[in-house]
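Take a moment with the sequence and the model below. Then follow the text from one site to the next.

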Amino acid sequence: MGHSDDLHIDSPSGSIAWIDATAGIAGDMLLGALIDAGADLERVQSVLDTVIPGSVKLTKRTVDRCGQRSLKVDVELLVENPPHRTWTSIRDMLEGARGAVPERTIDLGLRVFGMLAKAEGRAHGIDPEDVHFHEVGALDSIADVIGACEAWRQLGIGEATGSTIAVGSGRIRAAHGDIPVPVPATAYLAEGWPTVAGDLLPPRPHGHSHAHDHDHAHSHAHVHDHEHDHDHPLPEHAAGGPHAAAAPPSGVAPGIGELATPTGVALMRGLATSYGPMPGMVTRAVGIGAGTKDTPGRPNVVRVFIGESYPHA
């Protein structure tokens with residue numbers, strides 16, 4: 001379930017949150033989770049129209065990710081061939097929006113993009129001021145970052161804790177060629193934060209007892225496989241959705257692929273103040289944001305829990 005009526009939009013920054021990135025994280029996934037938790041998409045769109053007027057349009061839709069309902073936010077580009085931007089030009093653009101856009105949204109956006117610039121600078125061996133963001137600076141990523149920061153502000157979140165981040169494994173093809181996962185910028189952004197590859201667990205052997213023997217030496221991104229010698233086929237939503245697992249095509253390195261993007265990890269680091277399990281809290285809203293992929297055996301989602309803290313006994 002998503003937005004709770006008990007959670008007041010634009011409440012003082014006294015709420016706490018826990019971001020669950022044990023299946024990975026990307027900017028659009030976190031934005032979707034925050035909208036699902038109660039942030040107003042039209043007001044997020046209004047902020048984007050001020051920062052990058054006439055450039056993007058946000059829409060939302062409910063989707064199924066491996067049998068789990070979640071919210072997908074899509075970014076439609078309204079201009080062709082958007083320019084590559086440097087960290088300096090993005091900073092000037094955000095600073096120029098002060099007065100028309102809430103201060104906290106601007107400040108959070110500057111923090112996140114500053115982290116991205118530093119990581120990209122390290123990856124390419126150049127000064128962060130000279131970084132051309134390419135994919136990271138494209139309009140859809142600017143929409144993800146500023147949109148998520150505005151949604152975060154609306155929900156009145158003060159302190160936040162983040163989970164271990166599943167970063168993925170294998171190799172991907174990017175603008176600069178064939179590179180390992182996590183990509184360099186993600187690897188630098190994740191320094192000092194717990195990470196795990198996040199590969200799926202191997203199938204359980206036949207005749208496994210009904211007891212749950214979960215190996216807690218791994219991330220809690222585990223898929224709990226409940227196929228215990230059922231006499232009848234599971235329904236589609238319980239069997240992992242319509243997509244059957246397949247071996248990677250010829251020429252593609254094995255591995256689960258990229259689960260965490262630089263934008264997603266920068267948002268985690270810029271918004272969450274600490275890492276760890278869910279803190280003691282009274283949850284008022286749960287938001288579930290979907291990624292584009294529908295991964296067999298694992299819901300490709302980010303979850304956000306929002307509420308108030310309570311003292312431990």
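In which loop is P182 found? P182 sits in the loop that runs between strand β8 (177-180) and helix α6 (184-189). The model is a predicted one. In it, the peptide bond from V181 to P182 is cis. Its omega is near 0°.

Now step back to the whole chain. The protein has seven helices and 13 strands. It counts 313 residues, and buried residues make up 46% of them. Now take the contacts with a separation of 6 or more. Residues 24 or more positions apart account for 78% of these.

Another loop deserves a look. C66 lies between β2 (56-65) and β3 (68-77). Its phi is positive, about 55°, although C66 is not a glycine. Is C66 buried or exposed? C66 counts as buried, because its relative accessibility is 13% and the cut-off for buried is under 20%.

Next comes the interior. In soluble globular proteins, nonpolar side chains tend to be buried together. Here the largest nonpolar core has 65 residues. Those that touch the most other members are I25, L34, V51, F113, I146, W152 and I165. Helix α5 (residues 139-154) gives this core its largest share, nine residues. Another core lies apart from it, with seven residues, including I16, M281, V286 and I288.

Finally, focus on I146. Which residues does I146 contact, leaving aside its neighbours within four places in sequence? They are V47, L48, V51, L94, T105, G109 and F113.

Note on methods: Residues numbered from 1 in each chain as written. Predicted model: local features only at pLDDT ≥ 70, side-chain atom pairs only at ≥ 80, totals over all residues. Heavy atoms only, no water. Helix = DSSP H or I, 4+ residues; strand = E, 2+ residues; numbered from the N terminus. Buried < 20%, exposed > 50% of the residue type's maximum accessible area, 1.4 Å probe, protein only. Contact = heavy atoms within 4.5 Å. Core = buried A, V, L, I, M, F, W, Y, C linked by side-chain atoms within 4.5 Å.
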